[in-house]
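Me: I am new to this structure and would like a close look at a single part of it, the surroundings of the ligand. Please take me through that part carefully, and then show me what else in the model deserves attention.

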Amino acid sequence: MRHIISIQLENESGALSRVSGLFSARGFNIESLTVAATNDPTLSRMTIVSVGDDDIIEQIVKQVNKLVDVVKVTDLTATEHVERELLIVKISISNNTQDDVDAQLDHFNAKVIDAAEDAYIVELAGKSQKINDFLAALNADQIIEVSRTGVTGVCQKI
Amino acid sequence: MKLNGAQILVDCLKSEGVKHIFGYPGGAVLHIYDALDACTTIDHILVRHEQGAVHAADGYARTSGKCGVSLVTSGPGLTNAVTGIATAFTDSIPMVVISGQVPSAVIGSDAFQEVDAVGITRSCVKHNFLVKNANDLAETVKKAFYIATTGRPGPVLIDITKDTTIAEIEYEGYPETIKMRSYQPEMQINNEQVAKAIAIIEKSQKPIIYSGGGSVIGNASEVLTALTRNTGFPITQTLMGLGAYPGTDKQSVGMLGMHGTYEANMAMHDSDCIIAVGARFDDRITGNLEKFCPYAKIIHIDIDPSSVGKVVGVDVSVIGQVNDVLYALIQGLEGKTLPNIDPWWQQINEWRKVDSLAYKTVEGVIKPQTVIEALYEVTNGQAIVTSDVGQHQMWAAQYYPFDKPRRWINSGGLGTMGFGLPAAMGAKLAEPELEVACVTGDGSIQMMLQELSTMLQYHTPVKIISLNNGYLGMVRQWQEFFYEKRYSMSYMDALPDFVKLAESYGHIGIRVEKEEDLKPALIEAFKQKDRTVFLDIITDPNENVFPMIPSGAGHHEMLLAGRDEMASTNDSGLNLV
Ligand SMILES: Cc1ncc(C[n+]2csc(CCOP(=O)(O)OP(=O)(O)O)c2C)c(N)n1
Ligand SMILES: [Mg+2]
């Protein structure tokens, strides 16, 4: 099962590598990882997407919790939550393909943030599945470059 | 008061109550050494290799229960220390290691003797710090000791840049308390979990207490003994737990696991209720997980939530200080009538009759088991015994029952050859009144031999009991069983003359080749109160450690001495390794 693990940790140099090092040392997988400071500049929030059965996820949560720099660990997928991921994709366009691309952009509500003569740079935020669907809907040889942020999210209850 | 960083560090250590530091100097820590020179309350032990420093600090910590401290220079000093740090980490030993680092200004430039200490040690410390500003020093030292000694203990590294030790700042004294929002080792026991545990215990017909290193580290010996006595349950202890409950007591069924007793392993296998106390279900304990304790409900008591469910699924876990949890169990069981477990004891006593530690003596050769039994006799079972890693370690654990905790000092989790000698030195410094014996092998002793020199300098008389079988015996044993006797690189050709070697280091060396000389030699060695004595005891080169659960087998599939030697080379053995 896919889990989104949200980690609040001290915003100190090296804290990121403690978490990522733990994942590689213990053979836990990481599908995506995002990290940035929060409104409290001494705290960072890291969001990790990992796939594993319940035992493994339980171990991940416990092991991460054990790290001295970690303040709080939540398995977002275990609660009501919202999640988003941002995609930025560079798409080549030509007279022949422009209409198709425009239609897909419309359909997915993706936004062109830079338009050159022969290429668009497009952004799309949403659940990972939506981003996968959008990329699949584009013609593979039109995609020049893909950059995804990985998932971030918060728990819905206050 | 204006002090430089090095002076501040030394003041912090003094305030922490540190009495011994094991270390080795170098460029990055010269200021610290200069400050130490002016300090009269801390003894610095100059080892001969940084690995020895950390093992000695470790032996000191295991023996005394206090935090071990070691000090090394940057680069090779730190890398030499890593094996020691990992050894302490695996066995959850409280320790603070201070390493020098190149000046902040040149970090990242591949400067002379620069290594990424924090990066290299990350996976084998409980936590680590890089200090680049003298103003952060005192608080960091406070945090380091706090983290190392609370919760599940472990080594903490403080890497200090040279400029930090030189900078002069206004020093406001060592902080008295520390609070960390991200680290809260205190925990409340969950009473519901305790009640669930009691409900299982109350119904059990075949209970057993399985106690590990946590009972020693958590100083839970007294409460563990009370629980065991109150319930009348059998108790088995892991290699790391030996001594928390008296090994000579009739309720003790001995050590369990790969080289545990028949009765301990069979009782685990047949039990319907296992009370795991500060034990982590290591693979040397469980054998094949699919065959592990098929009938038992498992209660797991541990301070570390991540130990629970890591290897084996359990029925109830109680998280907390071992002492507190055991006390809660004792209270909860008070006034309850437990099922009659006489039939269970009868069964266990049947298994005991197998006498799984029996061994055959042979005219003209010294059996290693005999040596340990003689050591036990000569020391009245009262010595601190440190050990290296190999067959001799297992024999020491099997034939020297410990009645007190912190008397058996060995590298259980990492299995670090070379641990025994420096650990013995640390143990002697922690407990100068007690006899310290280092049980070692001809292979292991050569890994930290140089510490003989330190032991002379600091006058730490220990007795080195070297079981010289001319082999990396444990490797030879596995090759005999599982590699069709292809003894690849397990023969230690060209051994030195250990007697002359001991003498050249200023100690006494005695070679023992005949069994009749064994006891007198031991007695003579222990008579030499103020001297380190190296007993080079020539033992049977072909002896194997039994009983044995070959890897892949279950607790009920042990190989026994004399009975299964042939069976042990069968096909199943081969694919078990
Ligand atoms: C540092 C290190 N290297 C290798 C090993 C693997 N190993 C385990 S036991 C052993 C042999 C030990 O030989 P010795 O000290 O003579 O003890 P014996 O088994 O003969 O009693 C070896 C090589 C180890 N445990 N530690
Ligand atoms: Mg040997």
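**The shell around ligand 1**

Reply: In this predicted model, ligand 1 is surrounded by 20 residues, and the closest of them are G390(B), G441(B), G443(B), S444(B) and G473(B). Two elements of chain B, α16 (391–399) and α19 (473–482), each give two or more residues to this shell, and the largest share, three residues, comes from α19(B). Sorted by class, the residues of the shell around ligand 1 comprise seven nonpolar, eleven polar and two charged ones.

The phi angle of R406(B) is near 65°, a positive value in a residue other than glycine. R406(B) counts as buried because 21 C-beta neighbours lie inside 10 Å, where 20 or more are needed for that label.

A second residue of this kind is S92(B), whose phi is near 55°, again a positive value in a residue other than glycine. S92(B) is found in the loop between α4 and β5 (95–101) of chain B, and it counts as buried because it has 23 C-beta neighbours inside 10 Å.

The crossing in which α3(B) passes α4(B) is right-handed. On the α3(B) side the contact includes E50(B), V54(B) and D58(B), while among the residues that they and their neighbours in the contact meet in α4(B) are N80(B), I85(B) and A88(B). By class, the residues of this contact divide into five nonpolar, seven polar and two charged.

Another backbone feature of chain B is the peptide bond from F546(B) to P547(B), which is cis, with omega near -5°; P547(B) has its place in the loop between β20 (533–538) and α22 (571–574).

Finally, chain B also meets chain A, with 17 residues of chain A in contact with 13 residues of chain B. On the chain A side, two or more residues each come from β1 (2–10), α1 (15–25), α2 (54–66) and β4 (70–75), and α2(A) gives the largest share, six residues. That side of chain A has five nonpolar, five polar and seven charged residues.

Definitions and conventions
Residues numbered from 1 in each chain as written. Chains lettered and ligands numbered in written order. Predicted model: local features only at pLDDT ≥ 70, side-chain atom pairs only at ≥ 80, totals over all residues. Near = placed C-beta within 6 Å. Helix = DSSP H or I, 4+ residues; strand = E, 2+ residues; numbered from the N terminus. Nonpolar A, V, L, I, M, F, W, Y, C, P; charged D, E, K, R; others polar. Contact = placed C-beta atoms within 7 Å. Left-handed = near helix turned anticlockwise from the far one by under 90°. Buried ≥ 20, exposed ≤ 12 C-beta atoms within 10 Å, placed from the backbone.
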